[in-house]
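Welcome! Please take a moment to look over the sequence and the 3D view before reading on.

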Amino acid sequence: MSKDTIADVGMNRTGIKTSPVDSKDIIAEAERAQPSSLGDAQAIADVRKQYMRESGDGLGRVPPPSSLKGMAKTAVDMLKGGKPTVFIDKLGERLAFERSGVRLYEGALSKLDVFGSWEGGPSRELLTKIMDDELGHFALLVEAMEKMGADPTAVTPSANLTSVISMGVPAAISDARTNLRQAVQALLVAELTDNASWELLIELARGLGHDSLADRFQLALDAEAEHLALVKGWLAAGLATEARAPMESAGLPAQP
């Protein structure tokens, strides 16, 4: 598998032992050099704390309802002692994540076209099915937010946060240097987060009395659980296939 056998021996200059002579000089110079600061990390910690105090609204606020119906629903929920903005915030988070999930599987399909799969690995049919599931979950969340009177195009604070937290996953999949097996490893991170986040959203929905929505969210979670099982299986099979492959490198001959 071209580029799929990523654990072969080859040139890697990141370790200090690559150049023992130079590394001794670097260590000696580091020991002779004076610290750039006379203090410890407290000064930079104080600066960070000051930035936190001056951050204003932090990651932003949940926008007000976009319709009269939404305003009325919000008022009713508040009279019941609930805080509907928390639910809307988390709906926005899941919506943003599911939208990104579609892009992740589009990226995985591109990797499949270039590198192919392996025994027990992902097929075009299954990758496409999961991508379609993610799109369906996105549509479900758009509908849920509109029923709550919220604007599904608005970026809520939790949506903002989760996009920053998960930034590395799409970056890894879109990186031209990564292959399909590595993309599947990135998908595992996304699916683990997806499953746990749906569980939290369902619990929140039931606690606020949105049982019909919670039931529909449970169906989404059931599908996500299947996605997670598939991705874990693909990754395990890929690692096993790579571990059994002949060793290839610029410095070592392939094993017979």
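Here is a short tour of some helices and charged residues. Keep in mind that this is a predicted model.

**Helix H5**
- Helix H5 covers residues 124-147, which makes 24 residues.
- From first C-alpha to last, H5 reaches 35 Å, close to the expected 34 Å.
- Among the buried residues of H5 are Leu127, Ile130, Asp133, His137 and Met145.
- These buried residues pack against H4, helix H8 (180-207) and helix H9 (211-244).
- Just after H5 comes Gly149, with a positive phi of about 80°.

- Asp89 sits in helix H4, which spans residues 84-115.
- Although Asp89 is buried, it has no salt bridge.
- The nearest side chain of opposite charge to Asp89 belongs to Lys90, 5.6 Å away, whereas a salt bridge needs a nitrogen and an oxygen within 4 Å.
- Contacts of Asp89 beyond four places in sequence are Val62, Thr156, Pro157, Ser158 and Ala159.

**Salt bridges**
- The structure holds 14 salt bridges.
- One of them joins Arg103 and Glu106, with the closest N and O atoms 3.2 Å apart.
- Arg103 and Glu106 are separated by about one helical turn because they are three residues apart in helix H4.
- Arg103 is exposed, at 55% relative accessible area, while Glu106 is partly exposed, at 34%.
- Arg206 forms a salt bridge with Asp211 (3.7 Å, N to O) and another with Asp215, where the closest N and O atoms are 2.7 Å apart.
- Arg206 is partly exposed at 38% relative accessible area, Asp211 is partly exposed at 40%, and Asp215 is partly exposed at 42%.
- A network of salt bridges links Lys90, Glu93, Arg94, Glu98 and Asp194.

Technical notes: Residues numbered from 1 in each chain as written. Predicted model: local features only at pLDDT ≥ 70, side-chain atom pairs only at ≥ 80, totals over all residues. Heavy atoms only, no water. Helix = DSSP H or I, 4+ residues; strand = E, 2+ residues; numbered from the N terminus. Buried < 20%, exposed > 50% of the residue type's maximum accessible area, 1.4 Å probe, protein only. Lys, Arg positive; Asp, Glu negative; His and termini not counted. Contact = heavy atoms within 4.5 Å. Expected span 1.5 Å × (residues − 1).
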